[in-house]
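Student: I am new to this structure and would like to understand the words used to describe it. May we go through them one by one?

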Amino acid sequence: MTERTSSSSFARFSATTNTAVHRPDSPQSAKALTTTILNHVRLGRLPKAVSILFSSAVALPSSLYAHLFRICASSKAIVETRKLESHLVTFTPNPPVFLLNRAIECYGKCGCLEDAEGLFDEMPIRDGGSWNAMITAYSKNYRAGDALGLFSKMIGEGVYASEVTFASVLGSCGDALELWMSRQVHGLVVKYGYVGNVILESSLVDVYGKCWAMVDARRKFDEIETPNDVSWNVIVRRYLEMGEGGEAINMFSRMIRMKVKPMSFTVSNAVLACLSIGGLKEGLQIHGFGIKINMEEDEVVSSTLISMYAKCGDLESSRRIFNLPCSKNLISYTSMVSAYAMSGRTTEARELFDQMPERTVISWNVMLACYTRSFEWDKALDFVIMMRRKTEEADHVTLGLILNMCAAIPDVELGKQVHGYAYRHGFFSNLFVGNALLDMYGKCGNLTSARIWFYEMSHSRDKVSWNALLTSYARRGMSEEAMLIFGKMLGEAKPCKFTFGTLLAACANIFELEVGKQIHAFMIRNSYDIDIVISGALVDMYSKCRCVLYAMNVFDKTDSKDLILFNSMILGCSHNGMGGKVVELFERMEKEGIKPDRVTFQGLLHACITEGRVEMGRRYFDVMSDEYCLLPELEHYVSMVELYGQYGFMDELESFVTNMPFDPTPTILMRVFDYSRKYKCVKLGNWACDRLNELNPLVPFRFEIMDNS
């Protein structure tokens, strides 16, 4: 209040002194002065017009002040607004309340809430418009809490609230997700007799939807006697944002049946709803309806249709919409580039990107994401260099993509340069960029920098930050350090399923059964959803810690099993000497219609080795290619060599290694050599010896059978 008063006093003093300096020799009448000011306004010279007014020492018509405040608000001219208010309060003994209200509105639109608050507090008399102007200023400047607090004070003082006030307050309730307050305001709307006002009723639907109270939102919508296009847009959008795409489409269909012409945003939201439920058929129908009402070429609708067809794999339809005469604009260009990017067609994406007549930072980000998603790191790096040469635009998404590229290459020096850029341009406090930096340092193996940056993030880090640091240590085999980090994490952030997956892998690596059990128990106690990914991590951990019964228990309790989970269990049993259980699991897998892969057969062959089931192993090796069309890889051939050799099937071993589709590797030859000596198979031993000598003549092998008698 004091600061505001002194500021106003200074303004009044300035007006007085300026009057002395700039007052003309022959005084102008207020009418002539008004004409001069309005002429400057008509010529677009607002600063000049306000300067003439500010230099005058006479009160001018209220209509002139109102007109100038309106222009200042639309052009967000804060300096001129302050001059107008200063002149008004200095030369008008009792300024009209409506003009002071216009000044508050103007300050709000200029984003200068301190000026608005100061003027509001100094007003000797306020009316409903004054309160509404201040509440609206708070609401438009994202200070929902202040708006709601002032509204409560207004109601407490018995000031009548208008429809405009309620509209602003409901907007603030939605921004602050204040469901309880929304219901109180709803009651006041009814009490004040505004039922039937379609704008307020639509606002109530909107705020209930934002607060996730879709039952209340739908009930309120159904109470609207004649919903307009905005009302329908609100209900469709809120169902979409709640993940109820089917209901969003139903409401859109109902809107069409009631012959209400939708807004372009409503059509766009309906198309997005079709995407959310995989409803290409419904999307095609909405597209047809869009053509019927001449909306296909609307930039909002066309860009959404491009994305819909692209996500459904129909790039030809996307391109056809893009090629429409009125569809080629910045949004559609970006959507089409993104469509090619999502389909992995980087060449077409780049060609179209190069044709763009103008680009925004979003366009650059889409093309860069196209390269990173396709793991084309060299092209991504070249693109970044070109981007820095052609534009100064970069946002937090750009930096995150570049840091992902640095982590993948890996190039810690380039990552450090990005870190420096983030500091210089004010991105270092952005959590997304901060986590990307942490991930980059970790993947580049610079754990010291990762740890230092993690501590510098202490003011803003979240569970993603903790996961990035924890994963960095676990990835480097430093499982004990990862466990210590987890202990500290519990005091600051709630771990997520990703955290537990990393920790369980770390426990498996160092055979920490007790810690693994504690993590499992922690998840159960805290009601975490143990999904198929976590189940796989638990099975792997228990198996590697030689606690197969626990692994089987987790496996059996998992409702929906996939190939990865079956493989984890098969490998666990195989490496723990439970070959019979492996065969049972494979048969169960086949009954459930899950097709095995090469990892499955590796586990089966290993089980046959441990159980000595040579004939079964040979059958599985043949089934692999004959029934499942899987070409055996090197490890499968090594397993068969070990299976035949370990149990003395030397004739089968000789036939197998001499008929392989590739030349035997040194590893295979050494095993054949060792088994030939063990079982005194001279011919095969000499063959293996000759092959080894051909591969490495500097270290000659000689086959001799030792006499152990």
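Tutor: Let us begin with a definition: angles under 35 degrees count as roughly parallel, over 145 as roughly antiparallel, 65 to 115 as roughly perpendicular and the rest as oblique. This is a predicted model, in which local features need pLDDT of at least 70 and side-chain atom pairs count only at pLDDT 80 or more, while totals for chains, interfaces and linings use all residues. Residues are numbered from 1 along each chain as its sequence is written, and side-chain values use heavy atoms, with hydrogens and water left out.

Student: Why are H34 and H36 called roughly parallel to each other?

Tutor: The axes of helix H34 (residues 563-575) and helix H36 (residues 598-611) cross at roughly 15° and come within 9 Å. Axes are lines fitted to C-alpha atoms, for helices over the stretch in contact, and angles run from 0 to 180 degrees between N-to-C directions. The angle falls under 35 degrees, and H34 and H36 are therefore roughly parallel.

Student: Which residues of H34 and H36 meet?

Tutor: Contact means heavy atoms within 4.5 Å. Among those that meet are Leu563, Asn567 and Ile570 in H34, and Val599, Thr600 and Gly603 in H36. By class, this contact of H34 with H36 has six nonpolar, seven polar and no charged residues.

Student: What makes serine 472 buried?

Tutor: Buried means under 20% relative accessible area, exposed over 50%, and partly exposed in between (1.4 Å probe, protein chains only). Serine 472 has a relative accessible area of 1%, so it is buried. Its place is in helix H28 (residues 463-475), and, leaving aside neighbours within four places in sequence, serine 472 is in contact with Leu438, Gly442 and Leu447.

Student: What makes H38 and H40 roughly parallel?

Tutor: Helix H38 (residues 634-646) and H40 pack at an angle of about 5°, with their axes 10 Å apart. H38 and H40 are therefore roughly parallel to each other.

Student: Where does pLDDT stay under 50?

Tutor: pLDDT is the predictor's confidence in each residue, from 0 to 100. The mean for the protein chain is 89, but pLDDT stays under 50 over residues 1-27. Where pLDDT is low, the predicted coordinates should not be read in detail.

Definitions and conventions: Helices (H or I, at least four residues) and strands (E, at least two) are DSSP runs, numbered from the N terminus. Ala, Val, Leu, Ile, Met, Phe, Trp, Tyr, Cys and Pro count as nonpolar, Asp, Glu, Lys and Arg as charged, and the others, Gly among them, as polar.
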